[in-house]
Amino acid sequence: MTLDLAIAIIITLVGASTPILLAALGELVVEKSGVLNLGVEGMMLIGAVITVAVVLVTGNHWLAILCAALAAAAAALIFGFLTLSLSANQVATGLALTILGTGFSALFGQPYTGKAVPLLRSPFPPELAADPVWRVIFGYSPLVYFSLIMVVVIWWFLKKTRAGLILRAVGENDLSAHSIGYPVIGVRYLAVAFGGAMAGIAGSCFPLILTPQWVERLTTGRGWIALALVVFAVWRPFRLLGGAYLFGLVMTLEVYAKAAGGGFRVLPSELWAALPYLATILVLVLISMRRGGSSSAPACLGKPFLPTS
Amino acid sequence: MTVLNRRTLIKIGGAAAALPLVGGVAFAQEKVKVAFVLIGTPDDNGWNFGHDTGRKYMLDKIGADKVETTVVTNVAEGPDSERVFRELAQQGHKLIYATSFGYGDYVHKVAKQFPDVKFEWATGNATAPNVSIYNAKFHEGRAVVGTIAGMMTKTNTIAYIGSFPIPEVRMGINAYAIAARKVNPAVKIKVVYVDSWFDPAKEADAARALIDQGVDVITQHTDGPAALQVAEERGIVGGFGQGADMSAFAPKSHLTAIIDNWGPHYVKSVQSILDGTWAEGSVWDGIASGEVEIGKYNEKIPADVVAAAEKVKNDIAAGTLHPFAGPIKDNAGAERVAAGDVIDDGEFWAVDWYAEGVEA
């Protein structure tokens, strides 16, 4: 393999990984607070369609990303109201959020189909990215750098800050956190809104980096991969980064191997496509086989908070 | 018209079943109800757009006073589609178009239960007394764009992004490859299957992978312009619209398009319902009858290339050129079609090899 091709593969894989990473980072924080939001795919679609609409109307990429984050966070708060304030079933409500997002984005996106969206390009001067080796560092969309910064920020927040500790306490034992005076529901609302905003920004990646257009169901299931990835990464931000890039690598190698043809096509096409999911199942099996040590999932994950009962 | 999604359809279906006598009372002559079942949405600018454009053309020609259409979008190929077909039949649709290959088993199953309802299965391969099949010879269009690709490529490496390795796609690849190598024997044809009819991000990544490996002309057999947009961004020689004109997405790289024109067929078959002459059959037309059209040529294509492409198109329309005329070798070097012979319409569906020059 030539250097140029290796660089090309890296650049493509980073693009493919970024939306999954962003969405999974948001979901990681949500799940750390003890809430399981299966609506990632729907929130990503809302983010994607809002991005396209705002870019086409105003031409401002940054405003578009902001609006996408706010819109998806608003959708997440609907989920939050139902599951946190009304104690509805989180799995069912999350699935409903995906259906809502799919439907809303299809309806709202109708005027914007059939139009090309300008890409959000690297923030660095083009001379820096002219050389292929430097392009690996400077050649990406700002959303890529943002996703990498957020890995560190979220790791730092969860591990090093008092607020992060409270969030984890709420996720691990909501009744104890409540009894020493932490606002369990309030913390979870914030986490859910943050997860929505990140999913919305993940949705922005589709029209701004990957495929600059709006079309119904643009994200084609990447939100579900993000959900699987959180489990794959056992709720740790840096493993999430590795996992997202591993998933991206598998998805990217698939098309590059097929394009190379000949001996590179070692695996059947369907198996390539199934690999990220097989890897997730494998990790789940490995996690559950670990003896002794505490289970990796936040202890209150998916359970409604009912302090009086 | 009414646009329904699967869920509302099922609800409305329940209501309609409860009130079977309401419909049609107010009309002097009852409108014939025709349904279109789509795998995606009409705004994909590709396959589904083509069918919906055909529907509108039919409505226009036959008249909204005589026909009423229902469009059901986003119906997955699978058991779910069976319910949709049954609901549509129960609602009194006289003719139901199933516009994707994977609906076949379910169309046939429901058709047996509703012998008075006619079904037409696009790209299908089996008929029944009330199930017809209709298809278009897209491979004739592939021969035209293959000619352009063969003459325009600078790297002698062109590509075909396929959905699934089914006969229709394989023969599209072969028609593209044979035509390209006729004008440029040095050309190689790389094939990537994305295992989906619709996955824009993956189609775009496939295009990136191909361009990174030396491809400079891409055609695709999926439902959207994602690959063309990558071609535009990378500034390669170009690509082709599939199903509809996609030049809005890639003004510099959109060389031309293979346009599906289902309208004339829909007019004919709805008219036969109105006349009571509908019969089981199989329709497979191409460039000659206008079901397959070639779009506008990009102005960057040199005049001699346009002339060569037009000649292929006109010769196919006139019947003097067959896209699969021998001698044809496969990509392992074995002769598959002798000189003077052709792959006829019957043999077409059994071809399981790729033509010379295809890397798949």
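In chain B, helix α7 (residues 200–212) and helix α8 (residues 226–234) have axes that come within 7 Å and cross at roughly 40°. Axes are lines fitted to C-alpha atoms, for helices over the stretch in contact, and angles run from 0 to 180 degrees between N-to-C directions. That makes α7(B) oblique to α8(B), a class left after angles under 35 degrees (roughly parallel), over 145 (roughly antiparallel) and 65 to 115 (roughly perpendicular). The crossing of α7(B) and α8(B) is right-handed, that is, the near helix is turned clockwise from the far one by less than a right angle. Helices (H or I, at least four residues) and strands (E, at least two) are DSSP runs, numbered from the N terminus.

The model is predicted; local features need pLDDT of at least 70, side-chain atom pairs count only at pLDDT 80 or more, and totals for chains, interfaces and linings use all residues. Residues are numbered from 1 along each chain as its sequence is written, and chains are lettered from A and ligands numbered from 1 in the order in which they are written.

On the α7(B) side, the residues that meet α8(B) include B:E203, B:A207 and B:I211; among those on the α8(B) side are B:Q229, B:V230 and B:R234. Contact requires C-beta atoms, placed from the backbone, within 7 Å. This contact has nine nonpolar, one polar and three charged residues (nonpolar: Ala, Val, Leu, Ile, Met, Phe, Trp, Tyr, Cys and Pro; charged: Asp, Glu, Lys and Arg; polar: the others, Gly among them).

Chain B also holds an open sheet of seven strands with mixed pairing, in the order β13-β11-β10-β9-β7-β8-β16. Strands β13 (292–294) and β16 (358–359) of chain B stand at the edges with a single partner strand each, so one side of each lacks a neighbour in the sheet. Strands β7 (residues 157–162) and β8 (residues 188–193) of chain B pair in the parallel sense over six bridges, where pairing requires at least two DSSP bridges. B:I161 stands opposite B:V192, and B:G162 has B:Y193 as its bridge partner.

Six of the six residues of β7(B) are buried (20 or more other C-beta atoms within 10 Å of the residue's own, with C-beta atoms placed from the backbone). B:T157, B:A159 and B:I161 point one way from β7(B), and B:I158, B:Y160 and B:G162 the other way.

Between the chains, the contact takes 31 residues from chain A and 28 residues from chain B. The largest share of the chain A side, seven residues, comes from α11(A).

Methods:
Two residues are in contact if their C-beta atoms, placed from the backbone, lie within 7 Å. A residue is buried if 20 or more other C-beta atoms lie within 10 Å of its own, exposed if 12 or fewer, and partly exposed in between; C-beta atoms are placed from the backbone.
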